[in-house]
Amino acid sequence: MRSNGKHSLMIATVPFILLTVGCSSFKQSSQPPASSETAIAASIVPNSPKLDAKKILVGQENLSNQTVSKSQTCIEENHLDESMKFALQAANLAQTAKSKSEWDEVARLWLQAVAWMQAVPANSPKRVFAEKKVIEYMRNLAYSQQQAARSGSVAQFPSFDSEPLDQQLQLYLSYLSTFGRPDILIVGSSRALQGVDPAQMQQALAKKGYQNLRIFNFGVNGATAQVVDYILRKVLTPEQLPKLIIWADGVRAFNSGRIDRTYEAIIASQAHQKIAAGIRPQLAKAEPNSKTKCYQLPNSCKQKDNPKFQFETSSFIQNHDSSLAAISNDNTLSGYQNLFYRPSELNVSATLVSLDAIEANGFLPLSIRFNPKTYYQQKPYVSGAYDGDYRAFNLGGEQASAFDSVVAFVRSNNIQLVLVNLPLTDDYLDGTRWSAEVEFQEQMQQLSQEYGFIFIDLSEKALTQYNYFADPSHLNRYGASIVAQTIVANPSIPWPRARS
């Protein structure tokens, strides 16, 4: 039975891109034997001209088995010169870019600028300067990727008036398109989004013999039981769900006395009107005969060990010597104002540190560690009695109905549900919150036996160290790793086997 008693009571990490580039600038003919030549897999457009050895075609869905051998001759190239040309193009286009395709092109240009700058030989006197520019260009690349992502849409599907839900939904649909449905889905509020690391869970499961399981974190800021129920039953289809769902959260998501602003916004959105009409969101299909894009990268040639090597001055630098000197020595934009644009000078929102940092598996890793002494110098302390999430505390009502709906739904679709009560700091658990916590634990223990779902309580002291938290109630990446490993260690969970 449920207790009806009442008490007074939110990106730019950015994917890492590994580039193996580099070719010395000295004049030498390098002719390795044919057996040592490296073949470059490339997609070939019908009736296209012969692929240049320095260009790698990208953007095609199906790669051809055709290969193109690299040139046996190491051609002298001015890496700094080439890099700055691409950087100039990228910076100029960034000033006017608006559409997704335009920001994709900006990112493509920055990627090539990074590759050429990274290819400056290690024994070049320009190398130290080049290393600094690589870091700068990577920031610009990250920003352009963020802008490209923000310019996308879920098949022109309207917004749910919840940016976290819109972004996570688009990412999950793209994940489904790439890998198919995951083996395990993590749901919940921001506490789940930050509090359960899918990669660490995957590694821990692999050590137990559960190899190659795919895990996605679909945590959404502000998600209550009503929001989770809505996502699982109304937004997604049963075919898009795995056979194991881990619902990681806590008592706040189940309090019907609080104002459920996220759910209210969703129900009032245009997207909900589509859902009510039986139309579910899906990604736009790939455009047929899309134009193939080329990356022009440095040749991968063996560098001659020559400590006396002198890097030849770039003609690009010679033509703009005074401007470059001003940039290098005075750290000013000078004549290269368009070449080195700063994301901070453009339209950057506060999500650069939050939503834009979400990884491809849906997880939001935060490295900051909670320190009460410094935390409360910036933010006021709010006790449980004045916390809106604990307002008119009631574990019955609409949130309880939503939870019952989820339990019935997963049971009818043969999906195993694991409910995880995530840890909180003792700094957060004052008398009001602790009373609610105890009632929640007792009720879920009872309901788990009645309904057949698995309840895991992680509120033990071992997981409540401040170093594991980003703030009083949200875990950081270190805590998320421990939580993932702790969940895997629970012997009561029937983990799935990877599909062949």
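The side chains of R252 and D389 form a salt bridge, with 4.0 Å from N to O. A salt bridge here is a side-chain nitrogen of Lys or Arg within 4 Å of a carboxyl oxygen of Asp or Glu. R252 sits in the loop between β6 (244-249) and α8 (261-267), and D389 in the loop between α12 (372-378) and α13 (397-412), so the pair ties together parts that are 137 residues apart in sequence. Helices (H or I, at least four residues) and strands (E, at least two) are DSSP runs, numbered from the N terminus.

R252 counts as buried, at 12% relative accessibility. Buried means under 20% relative accessible area, exposed over 50%, and partly exposed in between (1.4 Å probe, protein chains only).

## Basis of the model

This is a predicted model, in which local features need pLDDT of at least 70 and side-chain atom pairs count only at pLDDT 80 or more, while totals for chains, interfaces and linings use all residues. Residues are numbered from 1 along each chain as its sequence is written, and side-chain values use heavy atoms, with hydrogens and water left out.

## Other salt bridges

The structure holds 9 salt bridges. One of them joins the side chains of D81 and K85, at 3.7 Å from N to O. D81 and K85 are 4 residues apart in helix α1 (residues 79-94), which means that about one helical turn separates them. D81 is buried, with a relative accessible area of 4%, whereas K85 is partly exposed, at 36%.

The side chains of D430 and R433 also meet in a salt bridge, at 3.6 Å from N to O. D430 counts as buried at 18% relative accessibility, and R433 is buried with a relative accessible area of 2%.

## Packing of α6 and α15

Helix α6 (residues 198-207) packs with helix α15 (residues 477-488) at an angle of about 35 degrees, and their axes are 8 Å apart. Axes are lines fitted to C-alpha atoms, for helices over the stretch in contact, and angles run from 0 to 180 degrees between N-to-C directions. The crossing of α6 and α15 is right-handed, a term for the near helix being turned clockwise from the far one by less than a right angle.

On the α6 side, the contact (heavy atoms within 4.5 Å) is made by Q200, M201, A204 and L205. On the α15 side, S481, A484, Q485, I487 and V488 take part. The contact residues divide into 6 nonpolar, 3 polar and no charged. Ala, Val, Leu, Ile, Met, Phe, Trp, Tyr, Cys and Pro count as nonpolar, Asp, Glu, Lys and Arg as charged, and the others, Gly among them, as polar.
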